[in-house]
Amino acid sequence: MQDWRMDEIHVKADLQRYLQSGRDALLWKLSGLNDYDARRPVVSTGTNLLGLVKHVAGVEIGYFGDCFARPFPNPPAWLDEDAEDNADMWATAGESLQDTVELYQRVWAHSDATIAALPLDAAGHVPWWSDRRNPVTLYQILIHEIAETHRHAGHADLARELIDGSAGLVAGNENLPFTQAATWAEHRDRLENVARGFLDGSA
């Protein structure tokens, strides 16, 4: 069996492709929205689309920057230790939609430069993880960041659907079984009726 280390270029390419697909999916959920809808909280904990993008940008700054001694230049003030709690999960009035998206794109360019510059077994240190989990490798952080990004892209899926009913994976590949709103309404009603059967004992 071939040692994966002998094919590091292809392994990196696969991992980056999955990471980038999550980034693209997350940004697509902002497409066509005005500033209000991009920012408005859709659940009781305040989750909002622009905040998700801001959060994921901050996470990448830490994991692909500081953890490998490759700090992101001019990091935003909301990453400072004395910033208010949850500052990375929402955009202030002074942080425009465009500026936040452009920050994220600059961050992932910096992250991609780290990935290109280091071997997959390069050692890093995550200060907010326990000693038991350190040191880490670039390979581990890539896996971690793929999971992190896709987790929040999933949050964005639901947030966007709550805002205006839009759904789908990415532009040009919605990956949905139905396209008509009426079909979705029928499907939802069917699921509701099945669930209600467990309330009235008819299931």
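**Pockets, rings and a helix**

By class, the residues that line the largest pocket comprise eight nonpolar, three polar and two charged. The model is a predicted one.

**Pockets**

- The lining of the largest pocket is made up of 13 residues.
- Nearest the centre of the largest pocket lie Gly58, Val59, Gly62, Leu79 and Trp128.
- Trp128 has a relative accessibility of 47%, so this residue counts as partly exposed.
- The second largest pocket is lined by Glu161, Gly165, Ala167, Leu176, Trp184 and Arg188.
- Sorted by class, the lining of the second largest pocket has three nonpolar residues, one polar residue and two charged residues.

**Aromatic rings**

- A pair of aromatic rings is described by two values, the distance of the centres and the angle of the planes.
- Tyr63 counts as buried because its relative accessibility is 7%, which is under the 20% cut-off.
- Tyr104 and Trp108 are separated by about one helical turn, because they are four residues apart in helix α4.
- Tyr104 has a relative accessibility of 0% and therefore counts as buried.
- Trp108 is buried, with a relative accessible area of 13%.
- Ring pairs also join Tyr63, Trp128 and Trp129 into a cluster.

**Charges over rings**

- The charged end of Arg133 sits over the ring of Trp129, at 3.7 Å from the centre of that ring.
- Trp129 also belongs to the cluster that ring pairs form with Tyr63 and Trp128.
- Arg17 lies over the face of Tyr18, and the distance to the ring centre is 4.9 Å.

**Helix α6**

- Helix α6 covers residues 181–200 and has 20 residues.
- From the first C-alpha of α6 to the last, the helix reaches 29 Å, close to the 28 Å expected at 1.5 Å a residue.
- How many of the 20 residues of α6 are buried? The number is one, so α6 lies largely in the open.
- Gly201 follows α6 and has a positive phi, near 80°.

**Asp121**

- Where is the place of Asp121? Asp121 is in the loop between α4 (97–117) and β1 (123–124).
- Is Asp121 buried or partly exposed? With a relative accessibility of 46%, Asp121 counts as partly exposed, because the value falls between the 20% and 50% cut-offs.
- Asp121 and Leu103 are 18 residues apart in sequence, and their C-alpha atoms are 28 Å apart in space.

Notes: Residues numbered from 1 in each chain as written. Predicted model: local features only at pLDDT ≥ 70, side-chain atom pairs only at ≥ 80, totals over all residues. Heavy atoms only, no water. 1 Å grid on protein atoms, 1.4 Å probe; cavity = no way out; pocket = protein on both sides within 12 Å on 5 of 7 lines; lining within 4 Å. Nonpolar A, V, L, I, M, F, W, Y, C, P; charged D, E, K, R; others polar. Helix = DSSP H or I, 4+ residues; strand = E, 2+ residues; numbered from the N terminus. Buried < 20%, exposed > 50% of the residue type's maximum accessible area, 1.4 Å probe, protein only. Expected span 1.5 Å × (residues − 1). Phe/Tyr/Trp six-rings, centres within 6.5 Å; stacked < 30°, edge-to-face > 60°. Lys NZ or Arg CZ within 6 Å of the ring centre and 35° of its normal.
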